[in-house]
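Subject: Structure handover

Hello,

I am passing on the structure we spoke about. Please look through it before reading the notes below.

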Amino acid sequence: MPASTHKTLKIDGSTGEGGGQIIRTALSLSMLTGTPIEITNIRAGRAKPGLMRQHLMCVQASQQISNASVSGAHLSSTSFTFTPNTVQAGDYTFDIGSAGSTSLVLQTLLPALLFTSTDSSNKSTITITGGTHNPLAPTTDFLQHAFVPMLDKLSMQVDIELQQTGFAPVGGGMIKATITPFMRRTNASLLDLTERGKLSNIELVASVLNLEYDICKRELASAKAALIEAGIDEALITTRGNKLYGIGEGNTCYAIVTHQLGDKNEAKTTAKTSTNTDTHQEVFSLLGEKRSSAENIGKRLAGHIRRYLYDTDALIDEYLTDQLLLPLALSGGGTFSARIISEHSKTQAWLIEQFLSVEITLKVIDEQKTLVQVAC
């Protein structure tokens, strides 16, 4: 539908959590629905309010793929307007120009490019240069091992390659995403991810960029020892160390926690695609810090895993909850159990409901478990 037939939706950027996510999600949904938007009070509560470089890149990249009309978008701007036209599939390249998060720029563009065509051969590619491992954003590892497998359960086909690693403050990392247009099947079952089954595996991964490999060994040994001490069967724990390619230097340590799904989940997931729909993966990650030893990073990582395994039987953790809401709304809806509903997630739910005919309900079971239902 042409954007001119829609009334401009005015969005207060200080609503709820009030961060950059409002900008990114609003841009995604504006392009998807053809709705012009005006965002004011951008990041009003932040120490440096207004658009930072990575936010501005989200606007500029969205403008490029949708041939949008934009006004007021510049560094430190606290308001802008965005009027999209038709989103075009294609091969796009973007350079943030800093160590800003490539993941967040990608997640802004991804929903719109998933719906560019009903022809699955009409794929798009996006190459983004900037930071791949940022403190306040999902890392490329998280996207590859948690977010993409979840999209796959929804029959959304996305492939993400880490071509070069970039840590703050240098950046210089590069990711490439290949996006196949999504076509929802009318007879597709709704996703139901409410019950956690048996723990299958915990893979611990530590990686360094232009630093001593011994850091990886120490982080992995510390994390593994802490998990065994917590009562986790050593046979379920695997470890892997990597030397990364890129400029600058940095260290990341993450865990892929894989569970079987209960019978209820197995019966209601969508048709099997390339990822096994009988399992669920959560990813927990930390970045190395100059003031923190490798042993301490390993122990902290194990702590995140222990809290997820022992504090609740909810299936989806905080950060994946945040990122699952929009794809779930676009694919037809579903239900999942969440460990934590953050202000980020509440703001995301509110914003989605401003654009789409969906109702997102949160049913609190206890302090560590909430049932999230997305009804279209």
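This is a predicted model: local features need pLDDT of at least 70, side-chain atom pairs count only at pLDDT 80 or more; totals for chains, interfaces and linings use all residues.

Strand β6

Strand β6 spans residues 124-130, and seven of its seven residues are buried. In a regular strand, side chains alternate between the two faces of the sheet. Here both faces are covered: Ser 124, Ile 126, Ile 128 and Gly 130 are buried on one side, and Thr 125, Thr 127 and Thr 129 on the other. Strand β5 (residues 91-95) runs parallel to β6 and is joined to it by five bridges; Asp 95 sits opposite Thr 129. With β8 (residues 173-179), β6 pairs in the antiparallel sense over seven bridges, and Gly 130 has Gly 173 as its bridge partner there.

The open sheet

Four strands form an open sheet in the order β11-β10-β12-β13, with mixed pairing. Its edge strands are β11 (237-243) and β13 (279-287). On average, neighbouring strands are turned by 20° against each other, direction ignored. Strands β10 (residues 196-209) and β12 (residues 250-261) run antiparallel, joined by 11 bridges. Two helices lie across strands of this sheet: α5 (residues 214-229) across β10, β11 and β12, at about 155° to β10, and α7 (residues 294-310) across β10, β12 and β13, at about 150° to β13.

The core

The largest nonpolar core has 101 residues, and Leu 204 and Ile 305 have the most contacts inside it. Leu 204 has Ala 255 in β12 as its bridge partner. Beyond its sequence neighbours within four places, Leu 204 contacts residues including Leu 220, Leu 227, Ile 237, Tyr 254, Leu 301 and Ile 305.

Regards

Key: Residues are numbered from 1 along each chain as its sequence is written. Side-chain values use heavy atoms; hydrogens and water are left out. Buried means under 20% relative accessible area, exposed over 50%, partly exposed in between (1.4 Å probe, protein chains only). Two strands pair if DSSP finds at least two bridges between them. A nonpolar core is a set of buried Ala, Val, Leu, Ile, Met, Phe, Trp, Tyr and Cys residues joined through side-chain atoms within 4.5 Å. Contact means heavy atoms within 4.5 Å. Axes are lines fitted to C-alpha atoms, for helices over the stretch in contact, and angles run from 0 to 180 degrees between N-to-C directions.
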